[in-house]
Amino acid sequence: MTMPAKSAAADAVPVDADRLRFAVVGCGTFARAQHIPNIARSAKAALEVCCDVSPASLEACKPFNPTRTTTDWRDAVADPRVQAVLLATTESLRLPVIELAASLGKGVYVEKPLAADVAAMRAIQKVVHQSGIPFCLGHNRRAAPAFVEARRIFRGHLANPKPCPWRFDREKAGRPKLPDDAVPAISVRINDDWWSWVGAAFDKTKMPLGPMLFEMTHFVDICNWFLDAEPLDVFAMETGMLTHSVIIRYANGSLATIASSANGSFGYPKELYECMGAGGVVAVDHMVEVRTAGIEGAPPRITFPMRGDKHEQVGAEGGIGGWLAKKKAATLDAERAGNPMLQFTAEPDRGHARAIDRFVDQIQGRGPEFCGVDGAVLAGRVCFAAIRSAKEGRIVPLAEI
Ligand SMILES: NC(=O)c1ccc[n+]([C@@H]2O[C@H](COP(=O)([O-])OP(=O)(O)OC[C@H]3O[C@@H](n4cnc5c(N)ncnc54)[C@H](O)[C@@H]3O)[C@@H](O)[C@H]2O)c1
């Protein structure tokens, strides 16, 4: 789901030498809703070139004040003023742009999914490794404040679990030693509404493999990142395009289960992640609330600021309760006005703007790699294994992919 673009021209900061100059290649719905305004507003990045084959898309970029526009991506990438490329076309255009940027030593931020097939994904990985360019896949959730905090708590607990004083320890010294004692697991529930999807999602020439690739790569990446282990096997079932369940088994014995249906409703939170391990739980609810249990020192509930809140007086307690109240008010507004766009209020911070700033930090040597090519390929391989598993009705070892 993408939000309508808000003009960033008014709050854009003046360009200075520290701001990394980006060419955005592919200025479609998503780039204009997120990347272009985010770069225009960032204190770390500057919008040098907007590039799209569609003159109408380029016209719509003008409020964000790019230095110039072009319909030719080679011209955009090769521009000597451009220091990094943000590639936000669909996966039908990836490798040639990355190859040119790599030949010029320019960093590339690529939207998900990395590629439309495994061979293209591996080719990108090779170019990035050989050139050594800074590279980032748009797994923006890694920069969402709720995920950053939840992962810090969860990994900290797994690394140093303290006995929970009230844990119901029935057998005490007689408890058997189990090989999967303390081994973590993650359950992910995705609620989406496919009526909101853009036409390209159904166009096999643009997005040939459907949401098991273009959506699931985000959720798999979070599981990989939280579990910090090597995925080994994948099993998946699907109803068609809209509903699927995927189980991933990891080398340390962990399991991640992702259950996703696009026959849901925007009136309910989209994403719930529940991470269990070593007698503790960390849940991330729609990136507006993190809940914990059984983890010494961790607050039971942490709430996170929302973006574009048009209902500040409603649901002022924040978190998931506050979000539900705001959403209810917004859907009533939408119903009364006969305008579905009014339902969008108080969106979670999914980390889109922060991900770009983190990538700039990486390029300028001020921060670690954000989501590099190997992490991107790993998430992609799990998705391709899930697609094969659902098609062939068997567990697919990742080594096959
Ligand atoms: N990270 C997220 O949360 C998120 C959300 C939505 C979409 N996305 C991803 O963003 C990407 C774009 O999605 P979208 O919904 O904006 O699609 P879109 O079709 O609206 O935009 C793609 C744009 O690329 C342009 N384009 C195509 N070929 C080109 C070429 N040769 N040179 C220059 N421009 C070219 C098109 O004209 C179009 O404007 C996809 O990979 C999608 O998966 C990410």
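Domain bounds here come from an automatic or database domain assignment. The model shown is predicted.

View 1. The assignment gives domain 1 as residues 9–141 and domain 2 as residues 314–348. How far apart do the C-alpha centres of domain 1 and domain 2 lie? They lie 33 Å apart.

**View 2. The shell around the ligand.** The ligand is surrounded by 26 residues. The closest are Gly26, Gly28, Thr29, Phe30 and Glu111.

**View 3. Helix α4 and its buried face.** Helix α4 covers residues 95–103. Val97, Ile98, Ala101 and Ala102 are its buried residues. Seen down the axis of α4, they fall within an arc of 130°, so they line one face of the helix. The cover over these buried residues includes β1, α3 (73–78), β4, β5 and α5. Look just past the helix for Gly105. Its phi is positive, about 70°.

View 4. Find Lys112 and Pro113. The peptide bond that joins them is cis, with omega about -10°. Most residues other than glycine have a negative phi, and most peptide bonds are trans. Where does Pro113 sit? Its place is in the loop between β5 (107–110) and α5.

View 5. Which residues of α5 are buried? They are Met121, Ile124, Val127 and Val128. Seen down the axis of α5, these buried residues fall within an arc of 125°, so they line one face of the helix. Ala119 and Gln130, on the other side of α5, are exposed. The buried residues pack against three elements: α4, β6 (135–137) and α11 (373–392). Gly132 follows the helix, and its phi is positive, near 75°.

**View 6. Helix α10, largely enclosed.** Helix α10 spans residues 352–363 and has 12 residues. It reaches 17 Å from first C-alpha to last, close to the 16 Å expected at 1.5 Å a residue. Nine of the 12 residues of α10 are buried, so the helix is largely enclosed by the rest of the structure. Among the buried residues are Ala353, Ala355, Ile356 and Phe359. Asp357, Arg358 and Gln362 are also on the buried list. What covers the buried residues of α10? The cover includes β1 (20–25), α1, β2 (45–51), β4 (84–87), β5 and β6. Gly365 comes after the helix, with a positive phi near 75°.

**View 7. Two positive phi values in one loop.** The loop between α6 (145–159) and β7 (185–191) holds Lys172. Ala182 is found in the loop between α6 and β7 as well. Lys172 is not a glycine, yet its phi is positive, about 45°. Ala182 is also a residue other than glycine, and its phi is a positive value near 80°. Is Lys172 buried or exposed? Lys172 is exposed, because 6 other C-beta atoms lie within 10 Å, and a residue counts as exposed at 12 or fewer. Ala182 is partly exposed, with 13 other C-beta atoms within 10 Å.

**View 8. Ala251 and what it touches.** Ala251 lies in the loop between β9 (243–250) and β10 (255–261). It is exposed, with 12 other C-beta atoms within 10 Å. Which residues does Ala251 touch, not counting residues up to four places away in sequence? It touches Ala229, Glu230 and Leu232. Now find Asp233. Ala251 and Asp233 are 18 residues apart in sequence. In space they are 9.0 Å apart, C-alpha to C-alpha.

Definitions and conventions. Residues numbered from 1 in each chain as written. Predicted model: local features only at pLDDT ≥ 70, side-chain atom pairs only at ≥ 80, totals over all residues. Buried ≥ 20, exposed ≤ 12 C-beta atoms within 10 Å, placed from the backbone. Helix = DSSP H or I, 4+ residues; strand = E, 2+ residues; numbered from the N terminus. Arc of directions from axis to C-beta. Contact = placed C-beta atoms within 7 Å. Near = placed C-beta within 6 Å. Expected span 1.5 Å × (residues − 1).
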